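Please keep the sequence and the model in view while reading.

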Amino acid sequence: MKYIDLHAHMVSRTTDDYEQMALTGCVALTEPAFWAGFDHLSPVVFADYFNRLTSFEPTRAAKYGIQHYCWLCLNPKEGEDRELARHVLDLIPQFLDRPNVLGIGEIGVNRVTRNEIATFIDHVDLALRYNQLIHIHTPHLEDKYKGTKVIVDTLVDNRRIEPGRVMVDHAEEHTIGMILDRGFWTGLTLYPQTKTSAARAVDMIEMYGSERLCVASACDWGPSLPPYRTLS
Amino acid sequence: MNRQDGTCPLTQQQLIDEYFMEVRAKMLDVAAFLDRMDRSVDRNAEDDFRMLTMRQALQVLCAHTPGRVYDIQMIFSDPTTEPLVQLDRKSALGAFDHHRGEVQP
């Protein structure tokens, strides 16, 4: 079976993962901009990060026959810092024309603060200004329902948004309905401890169908694996 | 009729034959965790909000109505929509404290 992993943070994975993904049928992946696990001290480093996502990482993937695409943003984990957000948002347009850039993401909210929502809205405006696709992160665990509702309501209130150009990721049983009902794409994340197990993902596909629904790993530096092991 | 009735392509007998052992093991893990809590050297968190939500969730497991996963997800969730005034912490804890609500800094 050939597959595309629509959410993989490969900067935190080894070349062994690339090799295993290729051997198990992965032909392409998309890598959203991520939180490094710590807050950055300066917005300048984001130029390096975006450069890595648009040059070095696609080269690394290509060695294993995998096409690498990416999304650019300031990740919601740092969205509270409005000054940092302004600088990073200013940086992004110069990278949007690079051949592997799909759009703006993964944007959204983390703890659902006022500043995070403001930063999210700024990213949405940027995406609309440059006619970009949008990839959205929804919060973790107890914040999932609240964050997803705030995100979906914010998008629905914006008449310039075309739901078919937006993917609201990390859906679970209590949020998948509100995302699909509004016409957005959604994603199920095989990250068993904090998101969804493969078995629960199958249940949701059975219940909601496969239309506008993707499954991905969101593999990163946490206890997550690219789908080559999860799918088996 | 529930709109999701019949969406699972396996029969109940097939589901039991295929998944009973796996789910049985998970149930024993939950039981062992609760026993371990009781055996703790210092029973200093009997009313921890996470354990309160877990006890609520266990009651839902015994329900005879569908939608158990949704109901349990909502027990663990913050059901409000009011944004926090500012960031209090980076990480989620796994359960919302329904009695205390969110502490605004």
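In helix α2 (residues 44-62) of chain A, A:R60 and A:E57 stand three residues apart, which means that about one helical turn separates them; helices are DSSP runs of H or I, at least four residues, numbered from the N terminus. A:R60 forms a salt bridge with A:E57, the closest N and O atoms being 2.8 Å apart; the term denotes a side-chain nitrogen of Lys or Arg within 4 Å of a carboxyl oxygen of Asp or Glu. A:R60 is buried at a relative accessible area of 13%, and A:E57 is buried at 0%. Buried means under 20% relative accessible area, exposed over 50%, and partly exposed in between (1.4 Å probe, protein chains only).

This is a predicted model, in which local features need pLDDT of at least 70 and side-chain atom pairs count only at pLDDT 80 or more, while totals for chains, interfaces and linings use all residues. Residues are numbered from 1 along each chain as its sequence is written, chains are lettered from A and ligands numbered from 1 in the order in which they are written, and side-chain values use heavy atoms, without hydrogens and water.

Between the chains, 27 residues of chain A are in contact (heavy atoms within 4.5 Å) with 31 residues of chain B. Four salt bridges cross this interface. In one of them, A:E142 pairs with B:R89 at 3.9 Å. Another salt bridge links B:D78 and A:K146 at 3.4 Å, N to O. B:D78 lies in the segment after α3 (68-76) of chain B and A:K146 in helix α5 of chain A, so this pair joins two chains.
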